[in-house]
Amino acid sequence: MSAPPEDKLAAIFARKRRELAARGPRVAAHPRPAPRDFTAALTQPRPGQPINVIAEVKRRSPSGGDFPHTDLVAVARGYEAAGASALSVLTDDVDFGGCLEDLLQVREATGLPVLRKDFLVSPQEVEESAALGADAILLIADALEDGELREMVAAARASRVAALVEAHTQAHAERALQAGAELVGLNNRDLATLRTDTTTALRVIPLLRGRARAFVAESGLKTPEDFRAARAAGAHAVLVGESLLRDADPGRALARLLAPGDAP
């Protein structure tokens, strides 16, 4: 029996802990590629664009179902050509249809920094992400204890990968900052219930200005107006996936959102 929506995040993290205990960390079979600067990609403005974009590739999601794209490398190249600043690759299999091979292929095919987006639960996974070529990892503050979060942020620093620490509330964003996070994502989607409120990041980011190197607004952003509102609230970048992946040509959809005429 599947978990009810309100237990979704807890169920995913319980599964990930079981998986890690069963398999142990993966070891890269080849030398780590030279890191790309994910933080700079978020913080260096692109002339003529309303905001920097982390564009996401994935096959499906619990909130969005299946997406009509099987060639993730082609999608990633389209994003790069359209002006994306960085890429996010889902590597969770059960809920998103992803794998680490997707990350490897996308990174090899593009010149952009790549974020490994998954439900990481151990410093071992931070180290494996670095070894496999990730330039950044996602950590979810809402599901990690304070000690775990501090340990994983420290592991990212030691492994020379950026840590984008995601939160849904101000309280969890404060926990991220206390754990040493330099990049903080405000997720408009409550991962426990999968409900989305696009005002979440707009309300929370202004309360935290100046306390991180970069803030990222995530989920539910679909229009140039959404991008401008996020920038006005203090976001340095936005993370966008589902609204692009529903388009027949995700790269073209991103190019429309980043058209110079829409820049402030």
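These are my notebook entries on one predicted chain, from the whole fold down to single side chains.

**Ground rules**

The model is predicted, so I keep local features to pLDDT of at least 70 and side-chain atom pairs to pLDDT 80 or more, while totals for chains, interfaces and linings use all residues. Residues are numbered from 1 along each chain as its sequence is written, and side-chain values use heavy atoms, with hydrogens and water left out.

**Entry 1: the whole chain**

I started with the secondary structure and got 11 helices and 12 strands. Both are DSSP runs numbered from the N terminus: H or I over at least four residues for helices, E over at least two for strands.

Next I checked the overall size. The C-alpha trace spans about 50 × 40 × 40 Å along its principal axes.

I then looked at burial: 54% of the 264 residues are buried. My cut-offs are under 20% relative accessible area for buried, over 50% for exposed, and partly exposed in between (1.4 Å probe, protein chains only). The chain exposes about 11,100 Å², and carbon and sulfur atoms supply 51% of that. The areas come from the Shrake-Rupley method with a 1.4 Å probe, and for residues only the protein chains shown count as cover.

For contacts (heavy atoms within 4.5 Å), I took those with a separation of 6 or more; 69% of them join residues 24 or more positions apart.

I count 33 positive and 36 negative side chains, and the centres of the two sets lie 2 Å apart. Lys and Arg are positive, Asp and Glu negative, with His and the chain ends not counted. Each charge is placed at NZ of Lys, CZ of Arg, CG of Asp or CD of Glu.

**Entry 2: K117**

Is K117 buried or exposed? K117 sits in strand β5 (residues 114-117), and at 15% relative accessibility it counts as buried. I looked for a partner and found E56, whose side chain makes a polar contact of 3.0 Å with that of K117. By polar contact I mean a pair of N or O atoms within 3.5 Å; within protein, one must be able to donate a hydrogen and the other to accept it, and residues adjacent in sequence count only if both atoms are side-chain atoms. Leaving aside neighbours within four places in sequence, K117 also touches residues including S88, D92, L138 and L239.

**Entry 3: R46**

R46 is in the loop between α2 (38-43) and β1 (52-57), and is partly exposed at 31% relative accessible area. What does its side chain reach? One polar atom of the R46 side chain lies 3.1 Å from the backbone oxygen of G83. A second polar contact, of 3.4 Å, joins the side chains of R46 and S85. R46 and G83 are 37 residues apart in sequence, yet 8.6 Å apart in space, C-alpha to C-alpha.

**Entry 4: helix α7 and R175**

R175 lies in helix α7 (residues 170-178). At 17% relative accessibility, R175 counts as buried. Not counting residues up to four places away, it touches A141, D142, L144, E145, D146 and L149. The buried residues of α7 are A173, E174, R175, A176 and L177. They pack against α6 (146-159), β7 (162-167), β8 (183-187) and α8 (200-208). After α7 comes G180, with a positive phi near 100°.

**Entry 5: helix α5**

I looked at both ends of α5 (residues 123-131). S122 caps the N-terminal end, a side-chain oxygen lying 3.0 Å from the backbone nitrogen of Q124. G133 follows the helix, with a positive phi near 105°.

Where does R160 sit? R160 is in the loop between α6 and β7, with phi near 60°, and counts as exposed at 55% relative accessibility. L194 has phi near 65° and lies in the loop between β9 (189-190) and β10 (195-196). At 26%, L194 counts as partly exposed.
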